There are 2 protein chains.
Amino acid sequence: MTLKDKIDIAAGRKKAGLVLKNCKIVNVFTLEVIEGDVAIEGDTIVAVGAYEGEKETDIAGQYVTPGFIDGHVHIESSMLTPARFAEAVVPRGTTAVIADPHEIANVRGEDGIRFMIEDSKSAPLDVHVMLPSCVPAVDFEEAGACLDAAAIRRLIRLEGVLGLGEVMCYPDAAAGAAGVIEKIKAAEGRVIDGHAPRLTGKELAAYVISGPSTEHECETIEEMKEKLRLGMYIHIRNGTVSREVKHLVKGITPENTRRTMFCTDDRHPLDLLKDGHIDHALRVAVAHGLDPLQAVAMATHNPATCYGLKRAGAVAPGYRADLAVVDDLKDFRVSRVYKNGKLVAENGKALFETKPADSRGVTRTVHMDPIAEDDLKIRLRSGEARVISPVTDSIVTRNVTRSVTVKDGCFAFDPQKDICKVAVFERHRRTGHIGLGLLEGFGLKDGAIAQTIAHDSHNIIAAGGSDRDIAFAVNELVKGKQGGIVLTRGGAVVKKIELPVAGLLSPLPLREVAEALSDVERAARETLGVNAKYNPLMLLGFLALPVIPEIRVTTRGLFDVTAFQFIEV
Amino acid sequence: MTLKDKIDIAAGRKKAGLVLKNCKIVNVFTLEVIEGDVAIEGDTIVAVGAYEGEKETDIAGQYVTPGFIDGHVHIESSMLTPARFAEAVVPRGTTAVIADPHEIANVRGEDGIRFMIEDSKSAPLDVHVMLPSCVPAVDFEEAGACLDAAAIRRLIRLEGVLGLGEVMCYPDAAAGAAGVIEKIKAAEGRVIDGHAPRLTGKELAAYVISGPSTEHECETIEEMKEKLRLGMYIHIRNGTVSREVKHLVKGITPENTRRTMFCTDDRHPLDLLKDGHIDHALRVAVAHGLDPLQAVAMATHNPATCYGLKRAGAVAPGYRADLAVVDDLKDFRVSRVYKNGKLVAENGKALFETKPADSRGVTRTVHMDPIAEDDLKIRLRSGEARVISPVTDSIVTRNVTRSVTVKDGCFAFDPQKDICKVAVFERHRRTGHIGLGLLEGFGLKDGAIAQTIAHDSHNIIAAGGSDRDIAFAVNELVKGKQGGIVLTRGGAVVKKIELPVAGLLSPLPLREVAEALSDVERAARETLGVNAKYNPLMLLGFLALPVIPEIRVTTRGLFDVTAFQFIEV
């Protein structure tokens, strides 16, 4: 198809390959709904008006919007490979994502990033990559890789790479610390994503001038407005843990809406399966009073503008035919999705098959020797111990002191006290480093849980009753080399989810992963006794992240985040 | 100044080089006015808030806006070189223009374009060039140059070149004609400006998909809205001949304003001197009901977004310190202008000096031999002749038949009948081609006017009473080789303006050029008798342009634009 053909089709001198008839088209430039046909040739929208096609599809008065764009997502939180993620979100109307492959980069560095790009290629989803800027999260972390400025310089020109991912070390950036500034310079001229929760005033100005021009961490409307004034684009988040849509949409006005968009950041399999993706953000936003046309622009045109995506985010001549067909602008039930002019999903079902990329560079990533029970002993000088106390519905923890049972000078598990052992095992470089701690309120009575998802370095984290149970669970993961999540009791595996890609992702479809995850969570509660108020996998997943207050356990031991130093149990 | 320095200044750990104190800052992202200081270091706005500087300037509660941007201008219409144009418009608050050097390109092709870029370099004005896409205007035109697709491919990567200038041959583009499509392809990935007056429906869709994404020719709000819906950015024009601001601002809404901006297109010296530049567009727009903050965004942020100008169009951290200080948001009287952090104008006076570029490649552009009186004879078979009849306040003409005085088988000038001779002389390649015609209503009683400004090819056009007067005037320009405008009577020069650069531009400052122009216009009326209802120079300037209805005179003779063919007098 030549440009001449497209011109002739637009002029009505030639039939279009495909015409969607009787559409209510959302115009994101003028925020209007226009009735008409959409003429498509090849991958391109050629015109909107009254057209005839070689093939015609009656849209029967439904709304046609541009395909949705997730402005900031860590695909890894879906526990799906990019190809499987596409199968899950494309039927929900998503045709592009701005992805920061921060998790897999912590495990497998450049190989991980390249895998994410390659694996998405067979799917009708544009995966635009922002290079992870904080790998490892902090200097003393034992991650599987380190992405320094030289790596950013190397990768920034890779096809599929847009810019630099969220600069999470915002105090460093606002201080002008050399390490992060070098990475920012390596991405000069590209979009640099921000992450600066609650930063304000001069510190925020310092952060902004260092480079970042987007923000997805706003909690209040005032915070959002201050950041908008500084020229930041604002992502309104609808993830699993963090969901600010309901609240923040109250601060969106016709004057500032063009600089806002939706994102999911981290969205877990069960939410993707149950509620969907950006379609869900739209539903929630409109239910909470946002103008539906502004909402559609926020899901499409605005992120395309922010990230400079060519020919994306509008239903107009010359734009790519990435379209979502929805019943109305309230429930946003997606009945059809077109990507590059092809029908790729209908009534929630993907009509495409994906071809997984070669994953040899990102599998078998558990590099550690089996552990022994003796490795897990916590010696105590008294009956008092430092204990991690989780906070409900948050990833924050409290640093508390509790009296515990001591036997032979070591901590002894007592189900009555509801304090169990939690341990982190370096699994990338066979250092044998193990950090030990105690966790209260988890509810676990028996058995153990071990998993290779432990933000951000994704070492193995395990919690359990007896040292035997913990060792058995961890060694299950070590034996398989692939990583995943395992529940054990009495020397037997109760449930297991294999996550062969970097110990983070499953090659299975969303439904299977979500069901397996449900099974594991149920077994954790029913068989191990884990307190129902916690999601055990998420709780463990964040316990090793030494940038979230107040206390964490890392491969090098217990870490007091407030004092920013290692401490004794 | 390093990035670290800027970060330290923003954080308040270090003083800024310059702080503008007590400003009312127009925030173009949120359309708010924020009170505070603007901290500047080097060429960059570092922060907005409460800051201290090595140097501090009290703005005393005036408004600080981003520097104004003219979204589409032919600098040549100012009859000034780019350096002199900058001296004229920078004190009016303009710090960047999107310039299409279409006129000089018709005379001197690539050399002309390069001169416009070079000559602007010493001035504190960003001149972003769109490559002229229609040189010559039509195939049969005898211009001084031809810019084909190969030339576009060569020039598109030149520093200072942004994209492709207005695609004026809109019927060709909408038809997919090979010539224009090749040029469009040569500019792939860049912004392509449009020019498609009154085009609508499928023809417009065909035009848009061919490439153009902006439009400055809208006459009605409906036309503007249709074009906005197709994704075009709309320039609201405030030129000399075409001024749609008053009318079109009524169609601008909070929903569509982000895709609109101001331009001047063609603005003549007297208007620049008397009323100003984009500051005048702002005054007119606000006087006609446009929200002042939307208006400022249209003059700054919106064109910066449309044309992808980096770090331009906002007062926020990291943006270039291009600023206009205005008394209020009604009269927009500009009291100070900053460019790249330096005060470059104050109270209407430029505080900078420009250094003209080497103009040897664009001067002495009159390449023709002296003409003889006999070259000008119009033979007539009867007392009836085809006559060009101008329309007041328009560049359109009517094709009429009139009875004229015939002597020796040739047209004879009779001041009583108010029909004089008009002639166009090929002046680029010494072909000797002369086209002759008759013009009614011009009022000229005696003498002649000749000029090297004759859109678009800028051959010499002359109108006069006796053949002797016409030949004398034309030969004055031929003798000097430089071109310009000359008024003669009785074998003597009455008034003359030298335009040595391409026969189009003066190296003198605006005031001198405007005054000389006033003198010439007055002399044309008072000494030659030209009808006061016409601007004689503008009327002659458009009489040779064979794309404006109904009848024109070209180097190859009289042209019937409606029938699109040459005709006899």
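1. Let's start with a loop in chain B: Leu31(B) sits between strand S1 (16–27) and strand S2 (32–41) of that chain. Strands here are DSSP runs of E with at least two residues, helices are runs of H or I with at least four, and both are numbered from the N terminus. Leu31(B) is not a glycine, yet its phi is positive, about 55°. Its relative accessible area is 13%, which makes Leu31(B) buried. Buried means under 20% relative accessible area, exposed means over 50%, and partly exposed is in between (1.4 Å probe, protein chains only).

2. A word on what you're looking at. This is a predicted model, in which local features need pLDDT of at least 70 and side-chain atom pairs count only at pLDDT 80 or more, while totals for chains, interfaces and linings use all residues. Residues are numbered from 1 along each chain as its sequence is written, chains are lettered from A and ligands numbered from 1 in the order in which they are written, and side-chain values use heavy atoms, with hydrogens and water left out.

3. Asp393(A) is in the chain A loop between strand S18 (384–390) and strand S19 (397–403). Asp393(A) has a relative accessible area of 78%, so it is exposed. For background, most residues other than glycine have a negative phi, and most peptide bonds are trans.

4. One joins His455(A) to Asp456(A), with omega about -15°; Asp456(A) falls in the loop between strand S24 (448–451) and strand S25 (460–464) of chain A. The other runs from Val135(B) to Pro136(B), with omega near 0°, and Pro136(B) belongs to the loop between strand S8 (126–131) and helix H4 (149–155) of chain B.

5. Now chain A as a whole. It has 16 helices and 30 strands. Its radius of gyration is 25 Å, close to the 25 Å that the globule rule gives for 569 residues, so chain A is as compact as a globular protein of that length. (That radius is taken over C-alpha atoms, and the rule is 2.2 Å times the number of residues to the power 0.38.) Buried residues are 64% of the 569 in chain A. Of the chain A contacts with a separation of 6 or more, 69% come from residues 24 or more positions apart, where contact means heavy atoms within 4.5 Å.

6. Helix H11 (residues 278–287) of chain A is worth a click. Eight of its ten residues are buried, so H11 is largely enclosed by the rest of the structure. Among the buried ones are Ile278(A), His280(A), Leu282(A) and Val286(A). The buried residues of H11(A) pack against several elements of chain A, including strand S6 (68–73), helix H12 (292–299) and strand S15 (334–339). After H11(A) comes Gly289(A), with a positive phi near 100°.

7. Last, Ser77(B), in the loop between strand S6 (68–73) and helix H2 (82–89) of chain B. Ser77(B) counts as buried, at 9% relative accessibility. Its side chain makes a polar contact with the side chain of Asp266(B) at 2.4 Å. (A polar contact is a pair of N or O atoms within 3.5 Å; within protein, one must be able to donate a hydrogen and the other to accept it, and residues adjacent in sequence count only if both atoms are side-chain atoms.) Setting aside neighbours within four places in sequence, Ser77(B) touches Asp266(B), Arg267(B), His268(B) and Pro269(B).
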